[in-house]
Amino acid sequence: MAEVTHTVPLASQVGGHAGVLTSEDGSLLIKPALPLEHKFYQSLTSDPAFAPLRPFTPKFLGTLKLEGQATEGDLGIEVAQVTDAGVQKESLVLENLSHPFSKPNILDIKLGTVLYDESASPEKIERMLKAARDTTSWESGVRLTGFQVYDNATGEPVNTPKSYGKTIKVSDLPDGIAKFFPVPSSESTSGIRVELLLPILKAFQEDITDIREAYASYEIRMVGGSLLLVYEGDSAKAEEGVKWMLEGDEEEEEEDDEEEEDDAKKKPGPPYTVKLIDFAHTRLVPGHGPDEGVLKGFDTVLSLLDGRIKQLESL
C-alpha cells in the first residue's frame, strides 16, 4: 500500500506539460485529469477489448479528488489525503515509469503526423499543420520531444530540451537516437557498455513491434501521444538487469519451511521499459480505420533502432 501525503514536482520530466507531480517516494505520478485522457484510461482498465493494449500503457490507479481518495480504477493502492496546494481538483494517479530505475535515461517520442484534434479551432489547426511541416513530425511521424542521459563522470542527468527535437531535420534523427543511446568513449562520459546496450536496444525493438501490432488493431486517433523509453543508466544495475533478461526468470525458488525473508535476495527487474503515454487528445473513431500517422511513427522508431543496432554491432 502506498500513501500520498505529500507531493513533489516530477524531477525527470522530459516532455509534456508542466504541473506533473509525484508521490513523496516517487512511485506514483499525479497529473491533471483531462476529460479525454480520463475516459481513455477508464476504457483501458474496464473494457476487455483494450486488453491487448493494456500492457503497453502505465498502470492507472485511480483519480485523486480534493479529499484525496482514489475513487476508481483502484488496484489496491491507497491514496490518502493530499494537502499540497499544487494538486488540482481532480488528477489521474498513474505508476511512475522511471521510479524502478537507479539512473533512468528517458526519451519522450511524440508520435503521429497530425498534431491537432477535431475540436481545434481553425487557427490552431493552421498553427499545428505548420508545426508538423516545420519539424520531423509530418515526414516521419515522430518528434524527439526531449530526453535525459546520465553522465558517468558527474552522476547527474544531462537534459536535451524540447527545442532540439523542434529544430532538427529528419536526416538528423539517427544522430538524435545515437545521443540517447551513447556508449562510453574518449569523447563521451555518458552511456553504458555496448554489450549491455545492444540487448536493451533489441528488447526495445521487440516491444515496440508488439505495441505497433496492438495499436494497429484499433480504430483510434491519438494526437499528442508519445512513446516513453526508459533504460538503466547505472552500469552495474544495467548489467544485473540484462543478465536477468537474457537468462529469463525460469528458476522458481523453493521456499524452505523456515522463512528467511530478511535474507531473500530481490531479483533485478528488466533494465528498460517502453510505454505509450499522454492520451489527453485520444478518441475512438469507429469506421475510420487505424491511425496511419501514428503507425508511420512506430515504423520510423523501429527503423532508427535498427540503424543504431547496426552501428553498434559494427564497432
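K31 has L92 of strand 5 as its bridge partner. The model is predicted. Strand 5 covers residues 91-95 and is largely enclosed by the rest of the structure, because four of its five residues are buried. Buried here means under 20% relative accessible area.

**Strand 5 and its partners**

- Strand 3, residues 28-32, is joined to strand 5 by five bridges.
- Strands 3 and 5 run antiparallel.
- Strand 4, residues 60-64, is linked to strand 5 through four bridges.
- That pairing of strands 4 and 5 is antiparallel too.
- V93 in strand 5 has G62 standing opposite.
- In a regular strand, side chains alternate between the two faces of the sheet.

**The second largest pocket**

- Rolling a probe the size of a water molecule over the atoms shows where empty space is left.
- The second largest pocket holds about 690 Å³ of space.
- Its lining counts 24 residues, and the closest to the pocket centre are P100, F101, P268, G269 and P270.

**What lines that pocket**

- Helix 7, residues 235-247, and strand 11, residues 272-277, each supply at least two residues of the lining of the second largest pocket.
- Helix 7 gives the most, with five residues.
- By type, the lining of the second largest pocket divides into 12 nonpolar, eight charged and four polar residues.

How values were computed: Residues numbered from 1 in each chain as written. Predicted model: local features only at pLDDT ≥ 70, side-chain atom pairs only at ≥ 80, totals over all residues. Heavy atoms only, no water. Buried < 20%, exposed > 50% of the residue type's maximum accessible area, 1.4 Å probe, protein only. Pairing = 2+ DSSP bridges. 1 Å grid on protein atoms, 1.4 Å probe; cavity = no way out; pocket = protein on both sides within 12 Å on 5 of 7 lines; lining within 4 Å. Points joined across faces, edges and corners; volume = space filled by probe spheres on them. Nonpolar A, V, L, I, M, F, W, Y, C, P; charged D, E, K, R; others polar.
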